[in-house]
Amino acid sequence: MPHALLFSPARRRRSPHAAAAAVALASALLAGCGSSAGTAEDPKAAASSAAGFPVTIDNCGVRTTYEEPPSRVVTIHQHPAELMLALGLKDRMAGTAFPDSPVLPELRKDYESVPELAEREPSFETVLDAEPDLVYGGYGSAFDENQGRSRKAFADAGIDTHLNREYCGEKRVTMRDTYDEIRTVGKIFGVPDRADELVADLESRVDKAATAVGGEPEVSVFVYDSGDKTAFTAGGKSLGTELIRLAGGTNVFADLDHVFGDVSWEQVVARKPEVIAIYDYAGAGSVEQKKKFLLSQPALADVPAVRNERFVVLPLTATLVGIRSAHAVDDLARGLHPESFR
């Protein structure tokens with residue numbers, strides 16, 4: 001396949017897991033609130049789920065008051081689905097769409113039990129057919145007005161919407177956004193304690209990885225998302241830059257004043273990255289194709305990362321506001337400082 005096709009992705013920035021006991025508890029608590037399995041309602045569970053309602057959430061300029069926890073949710077994109085599953089909310093999910101990469105192993109069985117509505121963003125009509133009371137979008141394209149999926153269109157149909165805070169226009173993404181997103185979703189569904197527990201687990205995972213490499217010298221990293229004529233890379237305002245920092249590295253394009261942007265290959269050569277982090281997702285060529293491209297370019301032959309073939313692979317979903325980011329810190333730390341984990 002020619003590079004022009006391989007590395008011209010449709011996305012130009014489209015846009016913990018709970019322990020088994022927590023998942024079991026979630027099923028018990030939530031079975032009476034719209035479970036597709038038709039389980040008899042447990043009055044105590046219903047009362048527990050609805051505690052603290054109504055709840056009002058301001059999200060990307062849209063204010064929504066939830067009189068009770070949503071009972072039928074469609075998630076568009078993978079990372080909102082994984083976040084809900086990690087909170088034990090499988091029984092609230094009426095459908096999902098647009099998987100970007102393999103699902104976390106501990107969530108795979110639950111994920112596969114949720115109907116997949118489309119390989120990419122589903123049509124407005126397809127979403128309506130699932131009869132949701134909430135649509136939770138991961139990338140801004142979930143609510144693409146040109147495709148008839150605007151948040152207003154859903155509101156006019158009596159359906160609430162929530163958009164991942166990464167697309168709320170703050171123009172800088174941090175781990176704090178991940179933790180705040182989890183707590184917000186926990187509040188919407190009446191499970192704040194589970195959200196706090198999940199955040200604590202992720203924070204512990206990040207702290208453990210960061211501590212393991214705390215005394216090591218920083219390793220310079222170039223993020224390769226896609227591109228052949230130029231390189232599409234993570235800038236200083238991206239969550240990827242913070243993940244690299246926490247893992248004991250430094251993004252060679254941290255001075256790029258955007259979340260993502262294009263840079264020249266001459267700039268990559270000049271900055272001499274020691275490691276290349278390859279973002280893996282559907283629609284931009286496989287990891288092996290990306291490696292082959294980088295290794296075949298004469299201009300890159302003397303770049304330390306290319307010369308030494310030091311690559312770290314991250315699923316795109318691991319660099320977004322969702323539960324994967326904590327996993328990414330650990331994976332990056334092991335790739336940048338393998339000696340610290342022997």
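The model is predicted, so local features need pLDDT of at least 70 and side-chain atom pairs count only at pLDDT 80 or more, while totals for chains, interfaces and linings use all residues. Residues are numbered from 1 along each chain as its sequence is written, and side-chain values use heavy atoms, with hydrogens and water left out. Helices (H or I, at least four residues) and strands (E, at least two) are DSSP runs, numbered from the N terminus.

**Aromatic rings**

- A search of the whole structure finds 11 aromatic pairs. Rings of Phe, Tyr and Trp (its six-membered ring) pair if their centres lie within 6.5 Å; planes under 30 degrees apart count as stacked, over 60 as edge-to-face and the rest as tilted.
- Phe 222 and Trp 265 make an edge-to-face pair, because their ring centres are 6.2 Å apart and their planes stand at 75 degrees. This pair links distant parts of the chain, with Phe 222 in strand β8 (residues 219-224) and Trp 265 in helix α11 (residues 265-271), 43 residues apart.
- Phe 222 and Trp 265 are both buried. Buried means under 20% relative accessible area, exposed over 50%, and partly exposed in between (1.4 Å probe, protein chains only).
- The pair of Phe 260 and Tyr 279 is tilted, at 6.1 Å centre to centre and 55 degrees between the planes. Phe 260 lies in strand β11 (residues 260-263) and Tyr 279 in strand β12 (residues 275-280), so this pair ties together parts that are 19 residues apart in sequence. Phe 260 and Tyr 279 are also both buried.
- Phe 222, Tyr 224, Phe 253, Trp 265 and Phe 293 are linked by ring pairs into a cluster.
- Arg 151 lies over the face of Phe 143, 5.6 Å from the ring centre. A charge sits over a ring if NZ of Lys or CZ of Arg is within 6 Å of the ring centre and within 35 degrees of the ring normal.

**Helix α12**

- Helix α12 (residues 287-296) has Val 287, Lys 290, Phe 293 and Leu 294 buried. Seen down the axis of α12, the buried residues fall within an arc of 125 degrees, so they line one face of the helix. The arc is that of the directions from the helix axis to the C-beta atoms.
- Glu 288 and Lys 292 are exposed, on the face of α12 turned away from its buried side.

**Strands around β6**

- From strand β6 (residues 134-137), Leu 134 and Tyr 136 point one way and Val 135 and Gly 137 the other way, and all are buried.
- Strand β3 (residues 73-76) pairs with β6 in the parallel sense over 4 bridges. Two strands pair if DSSP finds at least two bridges between them. Val 74 stands opposite Val 135 in β6.
- Strand β7 (residues 160-163) runs parallel to β6, joined to it by 4 bridges.
- The chain passes from β6 through helix α7 (residues 151-156) to β7 in a right-handed β-α-β crossover. Right-handed means that, with the strands pointing away from the viewer, the path from the first strand over the helix to the second runs clockwise.

- Val 306 lies in helix α13 (residues 304-307) and counts as buried because its relative accessibility is 7%. Leaving aside neighbours within four places in sequence, Val 306 is in contact (heavy atoms within 4.5 Å) with Ile 276, Leu 294, Leu 295, Leu 300 and Ala 301.
- Leu 320 is in the loop between β13 (311-315) and α14 (324-336), and counts as buried at 0% relative accessibility.
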